[in-house]
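Please take a look at the sequence and the structure shown here.

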Amino acid sequence: MRNCNLVLLFGSLLISRFVSAARVPSQFYNASVPRWEWWPNPGQLTNGDKGQYLNLSSGVDLWYTTFGKNSSRHTPVLLLHGGTGNSNQMYNQANKLAETRQVILQDTRGEGRSPYTNFTNFHYDDFTRDAIAILDHLNIPRVAVVGWSDGAIVGLDLAMNYSSRIERVFAHGANPQANMSLPGLNDPIINSDSGSLDSDFATNGTTYSVNGRSKRGLGKRGQTYNCESLSPLPGNCSAMEEGVAYMWSTEPTWGPGALAKANVRFGL
């Protein structure tokens, strides 16, 4: 795969922040959820979670926020969260990066503060076009992208289809094919019934079997930053989760030829 250079700046920063956050057990820790399904423990952005909406001509409303040093010599950074989540999953990265550069976050259409209304189906290409619409609205010509899970997939989509707008991408947990979104059932750690990494994270160090599981768990993600507490239409959150789960089962469908279109530096 060409143009696949590890983005050391973002990589080292993100890894250190993910690890430091993961070592503190979340108050919402649930031992019945397999290790690979743990979500980042969300928290508040240093701008007080203040944001606004971009109203697309299609009727879709996208929540976004931007903060940090607008006059920085560094390229602005667009942070993209994981599926069925919200931007506060990236609060550690956002707050740290905002110390030196402009940061843009958006709640994916239908998720978090962006209400699930005026559209039906979820598609990564729509998420990608939404990101470009926000950048156009903010008059930001070019960004670096840091994405996690679904956000990482959108980051790669941006690199493939909007290379002129993207300086580099750090994609954490992206899968180019829909059938790669679940870990391999033969993985000796992920598939452990007894747990083999107890020394890693103290109380959160046990792994659980994924045998017989058909899809990712969609349970509550905490009480402060879940869909029901953030969305203007909380009654649509269950339908949103079902729609996103269906997207996971069918998208993306990229091969080596598609990824070769990404004429930017990216790290996976």
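In α3, Tyr-124, Asp-125, Phe-127, Thr-128, Ala-131 and Ile-132 meet Asp-150, Ile-153, Val-154, Asp-157 and Leu-158 of α4, where contact means heavy atoms within 4.5 Å. This is a predicted model, in which local features need pLDDT of at least 70 and side-chain atom pairs count only at pLDDT 80 or more, while totals for chains, interfaces and linings use all residues. Residues are numbered from 1 along each chain as its sequence is written, and side-chain values use heavy atoms, with hydrogens and water left out.

- The axes of α3 and α4, which are lines fitted to C-alpha atoms over the stretch in contact, with angles from 0 to 180 degrees between N-to-C directions, come within 9 Å and cross at roughly 70°.
- Helices (H or I, at least four residues) and strands (E, at least two) are DSSP runs, numbered from the N terminus.

**The sheet**
- Seven strands form an open sheet in the order β1-β2-β4-β3-β5-β6-β7, with mixed pairing; two strands pair if DSSP finds at least two bridges between them.
- Because β1 (52-55) and β7 (265-267) stand at the edges with a single partner strand each, one side of each is left without a neighbour in the sheet.
- Strands β3 (residues 77-80) and β5 (residues 143-148) run parallel and are joined by four bridges, and Val-77 has Ala-144 in β5 as its bridge partner.
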